[in-house]
Amino acid sequence: MSTLEWFWIALVSTCLLVANGLADNAEIVADDKELKQDAQQLPAEVSYNYSKVKTPRPTVGLLYPRESETREVRSLDGIWNFVRSNASDPQRGVREEWYKRTLRSTGHEVILMPVPASYNDVTVDRQLRDHVGTVWYERHFFVPSHWCRDRVRTWLRFGSVHYQADVWINGQLAVHHSIGHLPFEAEIGRFINFGHENRITVMVDNRLTNRTIPQGQVLKQPSDDGVAYVQSYTFDFFNYAGIHRSVQLYTTPETYISDIELRTQLGSKQMGRIDYHLRIGNGSVSDVRANFILVQLRDRDNAVVAHQVNHNVHNGTLLVPNAKPWWPYLMHPLPGYMYTLELQLMAEAAGNAVLLDAYRLPVGIRSLSWNNESLLLNGKPVYLRGFGKHEDSDIRGKGLDNAVLLRDFNLLKWIGANAYRTSHYPYSEESMHFADEHGIMIIDECPSVNTDLFEPQLLENHMSALEQLIHRDRNHASVIAWSIANEPRTKKKAAEAYFGALANYTRSIAQGRPLTAASNVDTPTACMMSQFLDITGFNRYNAWYHSPGRTDMIVQPMYNEAKKWHEHYKKPVILFEYGGDTMEGYHSLPAYIWSEDYQTELFSKHFQAFDKLRKLKWFIGEFVWNFADFKTEQTYTRVGGNKKGVFTRNRQPKDAAHLLRQRYHAIAFKLNNASLPSDLFEYIIDWN
């Protein structure tokens, strides 16, 4: 979102709040001490001392659940019971201990709700769609008796719950987690009735405050029914909530591989290198000690191409002769090549080798580096062409949908894209796996949008969001950079110390990736954040928010501004957002704003600027905003949501998609000698 767009949204929001009597009748509300502290109105410019900020405790574990000889995985996805709390008393269920009994016995209306999915659009209830506060989920499940007899460890894992979750098993608190879009888990064996029915209860709280990532405020406003609770936020996408990704039970042995950290390199003569670091978990009563680890690397045909026996069970290096590198889509005839790394934890007993645990994960072998002008993958400069995206679809909202996910990757390849940014939060683990396999490069972004106020506690939460993101995604070959924020309020002087501390911390855990972010300040010199980044990124909407309707005011302004960003920061530059809203089926000749013809013309003018910039070498990427139309909060500036998508919300192409497809494939042909699709251009005439 541009500075001008933010100005208009802020102005409209202010007008609406004043019109509703905010000055006299509305208030910021919270129902517990922490939220009340978060809800305080803070002055715009305050200097904070970050010397006492605590860096996050490093995350351990959370390997993606995979079955093996020693592990079982069971899904708890499906239909759950669901209760909406009263927005005026969101903590009532905690006080009355709903988690100690079935939801139906509370006397509240129980409906059915799919998991995974956002709950907002599943029903036809306006109150549920716009609900602010807590909701409760519940289901019953069985755990096999042999999980107890075999002395395995039983784990419960959530792929993502937005925004905050408390989870009880049979009435006992198992885990609490804040920050949506990221996984969390707990060992639950002590809460389980093995061989009998069990109950899981989850309280989900969607409220955002000045200290959450992202930020927001809950307002209490007068309504025809008395009062209404409204979640206020500045980001331009709908604040979907619920259990968004899969819920799984899985087992590990008592002595098991709890964590894996990988680093890869591609050396001379195609020698691949995989450095691995393992953490080993041990049961409290286990007297079995791991003696060595058997490591095997298998190619796509399941042939073992490298192996070793390592008596250091925590660290090792595996060399891979004649390695097939991981390449981006259309940069090489064999993109997205993934091996399978097989790790078998072994013990010696009575002279025999005994398998303790086995875990397999995909790995792509590639080298990544950068300098003041280029981002290099396997020693070759990369030019990024792609999108900002959203996890968003009709009915399911931000819920994991493998059909939509696969459709998206098919469209990415159809259009010739090689990258996207996970705007503006971490995407599902499944999407990261698909990116690896399809050769799509990822700018991996944390859920910091429009960050403001810059309190120390906000910084701690911001650091935690990045730490959890990096821990989750560090082993993905597709991840080429970490984005620490989107459009923060970096004109403010307080932003300098805040982002200096954030960048220093993030760089210390960056796992060999550069740092970037998307700025939207009017001039590069005004940004208090970009000095701390390895790659400069900015968003700009020429001929949309700036000079709307004037496609003759795109090429030179874009060229000049990008040059200023590079001249000031001496770093590679990416344009992370450009575009314009387009109503499907609306045409106008000559092109007129909001028409499909206008979006096509706007794109074409930007392409001219990008080609001039590409010749300067340091301009390394162009990202359209957005991949597909998506839902936003209700406002008269949005007709059914944000319509800047190249594809509609149900993933059908607008006219501009065909132009963009021609450009992206042509760039791949020009830079990497990629083959052009046979249907890229329609037959017109025999010119002979």
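Helices here are DSSP runs of H or I with at least four residues, numbered from the N terminus. The model is predicted.

**Exercise 1.** Describe the pairing of strand 17 and state how enclosed strand 17 is.

Solution. Step one: strand 17 (residues 272–281) pairs with strand 16 (residues 256–266) in the antiparallel sense, over 10 bridges. In this pair, Arg263 stands opposite Asp275. Five residues lie between the two strands of the hairpin, where Lys269 takes a positive phi near 55 degrees. Step two: strand 17 also pairs with strand 20 (residues 315–320), again antiparallel, over six bridges. Here Gly272 stands opposite Val320. Step three: seven of the 10 residues of strand 17 are buried, so the strand is largely enclosed by the rest of the structure.

**Exercise 2.** Characterise the surroundings of Ser448.

Solution. Step one: Ser448 is found in the loop between strand 28 (441–445) and helix 9 (456–473). Step two: buried means under 20% relative accessible area; Ser448 has 1%, so Ser448 counts as buried. Step three: the Ser448 side chain makes a polar contact with the Thr451 side chain at 2.3 Å. Step four: leaving out residues up to four places away in sequence, Ser448 touches Ile213, His424, His462, Ile484, Ala485 and Asn486.

Notes: Residues are numbered from 1 along each chain as its sequence is written. This is a predicted model: local features need pLDDT of at least 70, side-chain atom pairs count only at pLDDT 80 or more; totals for chains, interfaces and linings use all residues. Side-chain values use heavy atoms; hydrogens and water are left out. Buried means under 20% relative accessible area, exposed over 50%, partly exposed in between (1.4 Å probe, protein chains only). Two strands pair if DSSP finds at least two bridges between them. A polar contact is a pair of N or O atoms within 3.5 Å; within protein, one must be able to donate a hydrogen and the other to accept it, and residues adjacent in sequence count only if both atoms are side-chain atoms. Contact means heavy atoms within 4.5 Å.
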